[in-house]
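This report describes selected features of one structure, from its aromatic pairs to its backbone angles. The sequence and the coordinates are shown first.

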Amino acid sequence: MPTARKPLLPAASGYTQLVSALTQPAYAAGFLKRFHMMTISGSITSQDIVPKEIRQKGDEVVFRRAPEAEIFDYQKNQELEVSHLYTSTIVMNVNRAKYSNLKLDAIDRKQIDGLPALLKEYQDDVTRKLAEYIDSEVLLELPLQAAACNRGRKAGKRSHAFDFGAAGAPVVMTKDNIIRYLSQMRTVLAEQNVDTNGLYVVLPIEAMDLFFANPILSNACASGSTQSIILGTKIPNVLGFEILFSNNMPQRNENGRIAYTIFAGRKDATGFVMQITENRHVDKVANHFGEYWQTLNVYDFKVLYPEAITTLYATLDFSV
């Protein structure tokens, strides 16, 4: 909201204040920057896994899983059993879209001081806001598509041994157990035969404090690092996970405490496609003496390997 101009120095009683009549503000050459959330969608999804054709045309792509072989026992002279070729499919639609539409009257364009710089800042903000919207959708929906045996109170395809929390019963993550939970998430993925090279884990930004307070990671001698992470201020790769933090993670109230759906997996488990990225300047409109600056983005994403995503429903405890 614009701030009303006020006199910098008060006028003596009986004298006219001339701010609005004879004086003129001087605008700074730069602009006060807006702070934006760091976005991570590009680090946890892959465009390479989606066929290039869908980026040019079509609104749906069908993926087929490789057929699964069947092995039989054999005894001499037995009649042979028969396998049948079968493959399952996963369908990914492209049906998400966002746009922006800025209008300026011809008079405003002529009279606004420093308009080109203002428009550049506006268009930069459009790009950042789009990334934030996409991030919020990915962080909300991606964990929900994880394989059922990779989450919940008995996670683990083989062991069913790990309590990863559930609605109404979140686990409590602290500085002392955060590494243990990462180890368990890695184990759950390994039970699915997922390649554990190049993993990521996404945590709420508040969890950063737990890493800096962890007794092993903050101790260079114990962690085997050249220096403590407190001195370096960067969280290292832990147990093969690239550690990612986000301010966009959805929050849920659990008995007065904030709970988060923390998740981990492989980048190539989730396909992402940006089908249309269009920017245009419309400078002649029949019904208006005005111009438009418009953007259109059509995109979508989907988990293609649910077994390569695992989720942990947790609250954070900073007091321990």
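## Aromatic pairs

Phe 272 and Tyr 299 are both buried, where buried means under 20% relative accessible area, exposed over 50% and partly exposed in between (1.4 Å probe, protein chains only). The two residues form a stacked aromatic pair, with 6.2 Å centre to centre and 20° between the planes. Phe 272 belongs to strand β9 (residues 270–282) and Tyr 299 to strand β10 (residues 290–303), so that the pair links distant parts of the chain, 27 residues apart. Helices (H or I, at least four residues) and strands (E, at least two) are DSSP runs, numbered from the N terminus.

The count of aromatic pairs comes to 4; rings of Phe, Tyr and Trp (its six-membered ring) pair if their centres lie within 6.5 Å, and planes under 30 degrees apart count as stacked, over 60 as edge-to-face and the rest as tilted. One of these pairs is edge-to-face: Tyr 200 and Phe 263, at 6.2 Å centre to centre and 85° between the planes. Tyr 200 lies in strand β5 and Phe 263 in strand β8 (residues 257–266), so this pair ties together parts that are 63 residues apart in sequence. Tyr 200 is buried at 1% relative accessibility, and Phe 263 is buried at 0%.

## Basis of the model

The model is predicted: local features need pLDDT of at least 70, side-chain atom pairs count only at pLDDT 80 or more, and totals for chains, interfaces and linings use all residues. Residues are numbered from 1 along each chain as its sequence is written, and side-chain values use heavy atoms, with hydrogens and water left out.

## Salt bridges

There are 11 salt bridges, each defined as a side-chain nitrogen of Lys or Arg within 4 Å of a carboxyl oxygen of Asp or Glu. Glu 291 and Arg 109 form one of them, with the closest N and O atoms 2.4 Å apart. Glu 291 is in strand β10 and Arg 109 in helix α3 (residues 106–111), so the pair ties together parts that are 182 residues apart in sequence. Glu 291 is buried, with a relative accessible area of 14%, whereas Arg 109 is partly exposed at 34%.

Asp 176 and Lys 175 meet in a salt bridge at 3.4 Å, N to O. Asp 176 is partly exposed at 45% relative accessible area, and Lys 175 is partly exposed at 23%. Salt bridges that share partners also join Arg 96, Lys 98, Glu 137, Glu 141 and Asp 300 into one network.

## Helix α4

Helix α4 (residues 115–141) has 27 residues and should span 39 Å, which agrees with the 39 Å between its end C-alpha atoms; the expected span is 1.5 Å times one less than the number of residues. Its buried residues include Leu 115, Leu 119, Val 126 and Leu 130, as well as Asp 125 and Glu 132.

Asp 124 is partly exposed, with a relative accessible area of 27%.

## Positive phi angles

Asn 193, a residue other than glycine, has a positive phi near 65°. Asn 193 is located in the loop between α5 (178–191) and β5 (199–204) and is exposed, with a relative accessible area of 72%.

Leu 239 is also not a glycine and has a positive phi of about 55°. Leu 239 lies in the loop between α8 (229–232) and β6 (241–246) and is partly exposed at 35% relative accessible area.
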